[in-house]
Amino acid sequence: MAQANGAPQPVAAPSQLYVFKLVLLGSGSVGKSSLALRFVKNDFKSILPTVGCAFFTKVVDVGTASLKFEIWDTAGQEKYHSVCHLYFRGANAALLVYDITSKDSFCRAQQWLKDLEKEFLPGEVVVMLVGNKTDLGEKREVTFEEGKEFAERQNLLFMETSAKLNHQVTEAFSAIARELLQREERKEGPMPPRGDARLALGRGPAGQAKCCAR
Ligand SMILES: Nc1nc2c(ncn2[C@@H]2O[C@H](COP(=O)(O)OP(=O)(O)OP(=O)(O)O)[C@@H](O)[C@H]2O)c(=O)[nH]1
């Protein structure tokens with residue numbers, strides 16, 4: 001890629017694909033894998049607890065750009081906690097998931113946020129707090145307001161979802177996508193329309209989005 005003063009320069013390319021790493025964090029059984037499966041394959045089925053980490057990819061079109069999510073679905077079981085931070089590295093976004101029927105999982109999500117804060121500078125990653133399993137409203141232990149207030153205090157995006165009923169799942173990932181692209185635009189200036197594509201980012205190191213020609 002052509003460079004002047006260290007800044008990526010416009011390069012002719014057929015179209016633009018931004019690549020972002022997103023980690024799914026939260027206690028065991030809150031529905032992280034189910035959210036990933038719903039988003040990537042529009043499916044919901046019985047899934048065994050994740051061992052270590054699972055990996056998914058999905059390309060979404062947002063306005064004039066395409067965005068590829070590399071989704072790292074971490075294991076929520078306590079025995080894997082010590083290795084989870086290894087998957088944080090290079091993340092651009094995190095989905096902090098709790099189960100609205102479990103106060104404990106909500107408290108654990110707050111702990112996960114502290115773990116993230118140890119690894120990243122403030123504002124370095126886009127974090128969304130997600131209260132999953134809204135279809136189980138009769139067993140709800142965490143109110144919408146509790147989730148929203150915590151998210152607002154911590155400057156996080158917030159959404160409640162049901163992976164089972166496909167409620168707000170695409171919307172959650174789309175909101176993250178929009179925020180990530182807006183941040184890139186603020187860094188780089190407005191993105192060009194398709195057909196006037198350039199290699200805007202193309203930076204590999206941890207925490208920075210990669211953009212590549214498709
Ligand atoms: N009712 C309901 N059940 C859900 C929902 N999402 C996930 N589940 C169920 O919750 C259980 C755990 O889901 P997983 O997606 O495996 O949860 P996880 O957070 O990935 O769990 P770990 O891999 O142990 O970290 C499964 O039985 C899912 O079918 C939902 O939106 N509603």
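Two residues are in contact if their C-beta atoms, placed from the backbone, lie within 7 Å. In the protein chain, residues 24 or more positions apart account for 69% of the contacts with a separation of 6 or more. Keep in mind that this is a predicted model: local features need pLDDT of at least 70, side-chain atom pairs count only at pLDDT 80 or more, and totals for chains, interfaces and linings use all residues. Residues are numbered from 1 along each chain as its sequence is written.

Next, switch to a cartoon view. You'll find five helices and nine strands, taken from DSSP runs (helices are H or I, at least four residues; strands are E, at least two) and numbered from the N terminus.

Now select residues 32-41, helix α1. Eight of its 10 residues are buried, so α1 is largely enclosed by the rest of the structure. Buried means that 20 or more other C-beta atoms lie within 10 Å of a residue's own C-beta, placed from the backbone. What covers the buried residues of α1? Colour β3 (17-26), β4 (53-62) and α5 (169-188), which are among the covering elements.

Stay with α5. The axes of α1 and α5 (lines fitted to C-alpha atoms over the stretch in contact) are 9 Å apart, at an angle of about 85 degrees. The two helices are therefore roughly perpendicular, a label for angles of 65 to 115 degrees. Show side chains for L35, R38 and F39 in α1, which meet V169, T170 and F173 in α5.

Note on methods. Buried ≥ 20, exposed ≤ 12 C-beta atoms within 10 Å, placed from the backbone. Axes fitted to C-alpha atoms, helices over the stretch in contact; angles between N-to-C directions. Parallel < 35°, antiparallel > 145°, perpendicular 65-115°, else oblique.
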